[in-house]
Amino acid sequence: MPGVRPLRWAVAVVALAGVALPVCAAGLHAGRPARTARPALFVGAGGHQGRGDAEGSYAPLSVLAAPTVGLLSNTTAVEGVLYSTARGARYVERSNVLRLPSGGWRYLPAGRGTSAVVLRDHAAARQQIAQSRAWLAAGRVPGRTPVQRAAAERALLSMRALLRPNGAVAAGWTPGWQYSWPRDSSFVSAAFAHTGHDTEAYRILRHSAATQRRDGTWEARTKLDGSGPPDGRRWQLDANGWVPWATWQWYQAAPRDTRRARMNALYPMIRKAADRAAASLRPDGLPPASPDYWELMTTTPNIGTAAPLLAGLNASADLARETGRPGDAARWSGAARRLSAAISARFAPLGYRRTVDGRHGYDSAVAFMAPPFNAAPAGLPRALDVTYRALLLPNGGLTPGNDPAAPWGGNAWTPSTSFFALAWAGTGRTAKAERVLDWVLSKRNALGELPEKVDRQGRPSSIAPLAWTGSIVVLSLVALDGAGGSTGAVDGAALPTPPLRS
């Protein structure tokens with residue numbers, strides 16, 4: 001939560017039971033021996049995708065809950081796996097059942113909210129394992145190598161665990177992350193859609209429709225029961241791009257015999273979102289200043305809002321065209337063309353830096369100008385390369401940006417790093433995409449979970465798993481599986497991109 005005063009902050013974290021940002025205790029690094037002593041941990045204000053390392057005030061972990069390093073799930077309830085439980089444990093392959101060092105199994109029984117330890121091969125636990133494997137087999141596990149496929153399996157199971165029965169997606173399962181962000185949820189929906197898990201993808205979109213505000217916007221995050229935001233964090237306009245984009249991605253992959261009828265149920269959400277996005281554009285064609293995915297307000301328009309809105313307007317226009325609403329299609333296509341021209345005129349000459357005034361450095365959101373969000377403009381490949389180099393840290397990952405007003409410290413963020421794998425996969429630069437993915441996958445912890453951050457020493461940090469990172473990795477693998485296919489194809493080819501109509 002940016003700008004919080006130290007005293008207010010301390011009261012807030014005690015009340016929230018905290019947001020843990022471990023220096024290295026999420027540890028359990030694959031290939032590293034477990035440590036007998038836990039290092040000191042600190043917490044930053046605001047939680048998931050908040051300012052994190054950029055925040056100047058910290059509080060001791062003693063007032064907060066411990067971060068998760070894994071998940072147990074029976075698909076209706078979730079229990080976070082803590083460091084103390086995970087030491088020496090491993091998941092039973094393709095499941096959320098833990099094999100303990102003792103040889104027993106820990107799992108979350110059906111209808112229960114707390115886990116149980118049972119003997120190996122316990123019948124109910126075996127049934128849960130079989131159900132997880134059947135769910136994976138009913139869809140598609142992307143990846144060209146055993147490592148990639150194992151990572152995709154684990155990410156899919158983790159996203160399934162974090163998906164609540166009402167369609168809310170928890171960003172993670174540590175206090176401070178146990179909320180639903182429309183941005184993260186949209187990525188998870190798209191990942192489910194393109195791996196053959198249509199029911200889960202559509203359930204998320206229905207929840208997005210249920211939590212949309214009357215004015216067509218969304219809160220930055222909401223409680224998992226959909227009852228509203230947990231605090232006074234500013235709402236973000238980028239959701240008006242992400243949710244229609246995710247709906248369009250679902251529509252491309254959904255069964256053709258049922259998608260039109262189900263789309264009709266979502267269309268009121270699309271109309272309100274796209275009309276609000278179009279109406280938000282200033283006379284110069286750009287959206288107003290708004291908090292970006294950093295969840296920090298900027299004083300001038302930022303690429304982290306403009307690029308998602310362009311994707312959302314194009315997606316909305318195409319959905320309107322597909323469902324026989326030419327008036328809506330024309331209106332939103334016109335808005336998309338205005339926005340596209342403004343981005344080309346104002347952001348492109350700056351290499352798609354964070355803000356239109358060019359004063360706030362490079363931003364990993366440059367990747368939002370690439371497929372599967374937007375058709376890559378001519379100068380984007382160079383901008384991706386320049387930005388990647390500018391944000392690269394000694395540990396091999398990326399900081400979200402290098403705005404001098406918001407220093408992020410030495411921790412790499414796995415979502416920001418993974419953006420480039422997805423962007424390079426979408427623009428046909430598969431070798432670059434695979435190198436980035438190799439780095440991200442090498443930072444999974446010993447349970448195979450993807451962490452939110454990687455510390456200066458290259459160790460997993462903060463919570464694991466993070467739904468957003470998992471979804472970006474899965475989408476990147478889907479795109480790489482389809483590399484060489486025709487742009488915009490769906491079945492077995494590259495991820496589709498909403499078209500910008502002339």
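Biologist: What angle do the axes of helix α8 and helix α10 make where they cross?

Modeller: Roughly 35 degrees, and the axes come within 10 Å. Each axis is a line fitted to C-alpha atoms over the stretch in contact, with angles from 0 to 180 degrees between N-to-C directions. Helix α8 covers residues 259–280, and helix α10 covers 326–346. This is a predicted model: local features need pLDDT of at least 70, side-chain atom pairs need 80 or more, and totals for chains, interfaces and linings use all residues. Numbering starts from 1 along each chain as its sequence is written, and side-chain values use heavy atoms, without hydrogens or water.

Biologist: What makes a helix here?

Modeller: A DSSP run of H or I with at least four residues; a strand is a run of E with at least two, and both are numbered from the N terminus.

Biologist: Is the crossing of α8 and α10 left-handed or right-handed?

Modeller: Left-handed. That term means the near helix is turned anticlockwise from the far one by less than a right angle; clockwise would be right-handed.

Biologist: Which residues make the contact between α8 and α10?

Modeller: From α8, they are Tyr267, Ile270, Arg271, Ala274, Asp275 and Ala278. From α10, they are Asp328, Arg331, Trp332 and Ala335. Contact means heavy atoms within 4.5 Å. Six of these residues are nonpolar, four are charged and none is polar. Nonpolar covers Ala, Val, Leu, Ile, Met, Phe, Trp, Tyr, Cys and Pro; charged covers Asp, Glu, Lys and Arg; the others, Gly among them, are polar.

Biologist: Why is Thr75 called partly exposed?

Modeller: Its relative accessibility is 32%. Buried means under 20%, exposed means over 50%, and partly exposed lies in between, with a 1.4 Å probe and protein chains only. So Thr75 counts as partly exposed. Thr75 sits in the loop between β4 (68–73) and β5 (78–82). Its phi is near 80 degrees, a positive value in a residue other than glycine.

Biologist: Why is Glu295 called buried?

Modeller: Its relative accessible area is 6%, so Glu295 is buried. Glu295 lies in the loop between α8 and α9 (303–322), and its phi is near 65 degrees.

Biologist: What span should helix α5 have?

Modeller: The rule is 1.5 Å times one less than the number of residues. For the 12 residues of α5, that gives 16 Å; the end C-alpha atoms are 16 Å apart, which agrees.
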